Amino acid sequence: MTKFILNSRPVEYTNPPEEMLLLILRDTANLKGTKYGCGAAMCGACTVHVDGEAMFSCQMSLADVEGADVTTIEGLSEDGSHPVQKAWIEEQVPQCGYCQSGQIMRAAALLAENPEPSREEIVDTMSANLCRCGTYNRIFKAVERAAKEA
């Protein structure tokens, strides 16, 4: 049995410890906001926070999060009031929307660690996540807005 904190609540899962965290989140916990993109840590659609750090959940096993604090897009805020979520709406970032939860989670982790990032730091950090629609300029503007309004 693996125990960890998921979106501020203690959970226990009996799934095989080698099972991919992403699949646990989507199929067992029924949290569909975290997306399966490439499965190879190349796109970032599966980004969640593990102990406050942005991580690719497709590259983590259930055993990797034993005792950890895991936050998904559903746990970032219950009502969408996180400054990054609000900035995403104001800047009308999403196009197809598939990568957005991963993008938001990476941006939120950046701002938690560095509340006033430079444009270069934002571009560098967000380069870990791909947006196939090419909304990068809106993503960068949203992160800058969230930093100003947080």
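User: Which domains does the chain have?
Analyst: The domain assignment gives domain 1, covering 2-71, and domain 2, covering 83-149. Please keep in mind that this is a predicted model.

User: How far apart are the C-alpha centres of domain 1 and domain 2?
Analyst: Those C-alpha centres lie 21 Å apart.

User: And how many residues does each domain put into the contact?
Analyst: Domain 1 contributes 16 residues, and domain 2 contributes 11 residues.

User: What area is buried between domain 1 and domain 2?
Analyst: The buried area is about 1100 Å². Carbon and sulfur atoms give 55% of that area.

User: Which three residues of domain 1 supply more of its buried area than any other three?
Analyst: They are Cys43, Thr47 and His49, which supply 37% of the area that domain 1 buries against domain 2.

User: Changing topic, how many salt bridges are there between domain 1 and domain 2?
Analyst: The count of salt bridges between the two domains is 0.

User: Then how many residue pairs are in polar contact across the interface?
Analyst: There are 6 such residue pairs between domain 1 and domain 2, with both residues at pLDDT 80 or more.

User: Which elements give two or more residues to the side of domain 1 that touches domain 2?
Analyst: These are strand S3, at 47-50, and strand S4, at 53-56. The largest share comes from S3, with 3 residues.

User: What is that side of domain 1 like by class?
Analyst: The side of domain 1 that touches domain 2 has 8 polar, 7 nonpolar and 1 charged residues.

Methods
Residues numbered from 1 in each chain as written. Predicted model: local features only at pLDDT ≥ 70, side-chain atom pairs only at ≥ 80, totals over all residues. Heavy atoms only, no water. Domains from an automatic or database assignment. Contact = heavy atoms within 4.5 Å. Buried area = accessible area lost by both parts, 1.4 Å probe. Salt bridge = Lys/Arg side-chain N within 4 Å of Asp/Glu carboxyl O. Polar contact = N/O pair within 3.5 Å; in protein donor to acceptor, adjacent residues only side chain to side chain. Helix = DSSP H or I, 4+ residues; strand = E, 2+ residues; numbered from the N terminus. Nonpolar A, V, L, I, M, F, W, Y, C, P; charged D, E, K, R; others polar.
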